[in-house]
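Q: Could you walk me through this one? I'd like to take it piece by piece.

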Amino acid sequence: MATVIPPPSKRQRREELERTQNQKDVAPLLADELGSFKARFIDSDGNQMTDVIEINFADASEKNVSVLLNTLLERDREDFTPYRFRIHVPGKDIIVDQYPTDLLGLLQKHGVLNPFETTITLSAEPQAVFRVQAVSRMAHRIPGHGQPILSCEFSPASAKLFATGSGDNTARIWDTETGTPKYTLKGHTGWVLGVSWSPDAEKLATCSMDKTVRIWDPETGKAVGAPFTGHAKWVLALAWEPYHLRREDGPRLASASKDGTVRIWMVNTGRTEHSLSGHKSSVTCVKWGGEGMIYTGSHDKTVRVWDAVKGTLVHTMTSHGHWINSLALSSDFQIKTGYFAHNEEVPATEEGKRAKAKGRFEAAAKINGKVAERLVSASDDFTMFLWDPTNNGNKHVARLLGHQNRVNDVKFSPSGEFIASVGWDNSTKIWNARDGKFLKSLRGHVAPVYQCSWSADSRLLVTGSKDCTLKVWNVRTGALAKDLPGHDDEVYAVSWSPDGKAVGSGGKDKAVRLWKN
Amino acid sequence: MRCIERHTKLFGKRLDTEERARKKAAREGHKQSENAQNLRGLRAKLYAKERHAQKIQLRKTIKQHEERNVKGAADEKEPANPIPSYLLDRANPTNAKALSSQIKNKRAEKAARFSVPIPKVKGISEEELFKVVKTGKKIAKKGWKRVITKPTFVGPDFTRRPVKYERFIRPMGLRYKKANVTHPTLNVTVQLPILGVKKNPNNPLLGYGYFSFPLLTFCHSIEVNVSDLGIVTASGKIAWGRYAQVTNNPENDGCLNAVLLV
């Protein structure tokens, strides 16, 4: 028989009655005598956004202040942008990243005893209007590959198509909605080390150990044209030309190889337009910037910047002390996705698409009104460098120190606000993308972390590790949002779809896994 | 200054000094051989000891030279298992994580779950296992104590029972706390602490199941602490205990060898 709770005692009943009958004095709770402060809003470039305004401390929750700022900017209620605020403590050089529940208390803690007369500067960071939910379950486990999966990528157009490259010499395209294999792309005679969708999602490029690059049509699963031959050794990485830079004669593709060269291919004809030679060792990563620059990182410890049109060397950055493992551009996400923006219609005309892609790139890369595409390079020397090759040449903006072992992968958040880096010291670190300041360390993995991928709204990060798990992190709080075990072995590749609906991962256990919420 | 050195300085060396030194060095081997064969008694012992030390030094030096001659750079040829581009060209430490996939696949099949490297498990009779100890005054009657003649494992928190109640005596000399465990795919052997002895699934009469104490003999399964190896479980935690099977006869050999079941 279940235990019965004894009836309340007489004293308890009397107190209960008293509590319900008497009106409570709520005056101290309203706390209208908390006072007010003057707020000055600045955007991320440091420009003042509106006039200084007085705000009650009692009402100064982050949400309220965000609504207030939107109103001051005379935005329509439909177009409200959520803002996050960083608080500049007056008279000091301290910036508080996390908006507190008790703003007055925070200011008093920092020695501002009488904040009622002071003007407090709040830097407003616009957040993505949409919100990506953390993936929480394994939706599909699709076997098919006969060998470990080495690379994966979602189609920029939708989360419906997912491509993987494997050690069984094939690449495969999967239908993520039904969780079924769609096409097997056979042709390579070596492991497929990289897969890359073109920004218009009409072509898929794969690079392989067999020294060739192949182009596929994802609609039919057939090869397009002959394989691109010319590299003398393994081809390690690929980069498509950004959509807005495309010329009349078709898209171009850059491939980085172990033979120390980067080749630029005309995709339609398979002709090599340029062969960028200069690296003395294996070129591990290549990125094609939105301003017509190609960035390459190599085992010869240098990062080089090339002019994609002329095929000439522009800058050589020699600050690193060991191999370069990974490069990331602040506009990577926008370049990858071209004209596909979240929940917006795809322009009908060619000009429209081009303008949209260009607009998205510029919005991402602009700082203080001028285009400044930033580059971050991660290296085996445990450090990273933040570069601004357009404005700063081969001098670095910041050196990102903190990892205690080799840094394997680095990614800019789609908003360009944060940098995430993962490495062999089992940790993931978040950095401020503007000045390279260290923000927080995400700990939880028990083995080296191989890859990471941002959600499209820059609020979440997924990391794949050697310890067989994926972990989803809430970047704002630095907390583990979801732990996703399920892989039987090391996770080599992980990717978050551009619309945020699914995460795909692959690894040594050969089966593709799709994660949804 | 010693007088030989002084003499050499004053009068120089004999003309055939170098020749004599060379000949002496050349006969060194013969001399050593003669000593090794003909010395007797204490001198032979001392000589053998000295020679032993020399040989150890010699082997060490040779090994150092061999290691120095190994080519440093990684080979150009493809690694055996496919790995992503960011792991290529790295001298990947042959880590314990090479719990090779084939064995993992095997584990997935239920039938193979309990297959062990040495399938033949021999039963042990009670006569072989126990030796009767007779105690007390009425020696003929009180034969209820047993000494275990096989190696055993007792946990760290084990305390012996009072003499009056101690039915099974586990001799100190036959207790083991550590095992030399070989990783089958990596071919490395490490000494790992034993966590416990497992009931043998193939024969429930053996091992921990039947007797009230853990027994370490040939073919038995033991659980060892592998936290140092950095093996990771499927849920992303560091594996702590793993099963291993004893591959030698510890009671004969004085050491406990085992192979890790991965």
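A: Let's start with a definition: the expected span of a helix is 1.5 Å times one less than its number of residues. Please keep in mind throughout that this is a predicted model.

Q: Okay, so how far apart should the ends of helix H2 of chain B be, and what does the model give?
A: Helix H2 of chain B covers residues 17–38, and because each of its 22 residues counts at 1.5 Å, the helix should span 32 Å; its end C-alpha atoms lie 30 Å apart, which agrees.

Q: And where is the kink in H2(B)?
A: The kink in H2(B) is centred on Glu28(B) and amounts to about 40°.

Q: Switching topic, what is the strand order in the sheet of chain B?
A: Three strands of chain B make up an open sheet, in the order S1-S2-S3, and their pairing is mixed. Strand S1 (130–133) and strand S3 (168–169) are the edge strands, each of them pairing on one side only.

Q: How many bridges join S2 to S3(B)?
A: Strand S2 of chain B, residues 145–148, is joined to S3(B) by two bridges, and these two strands run parallel. Within this part of the sheet, Val147(B) stands opposite Ile169(B) of S3(B).

Note on methods
Residues numbered from 1 in each chain as written. Chains lettered and ligands numbered in written order. Predicted model: local features only at pLDDT ≥ 70, side-chain atom pairs only at ≥ 80, totals over all residues. Heavy atoms only, no water. Pairing = 2+ DSSP bridges. Helix = DSSP H or I, 4+ residues; strand = E, 2+ residues; numbered from the N terminus. Bend = angle between axes of the 7 residues up to and from the residue.
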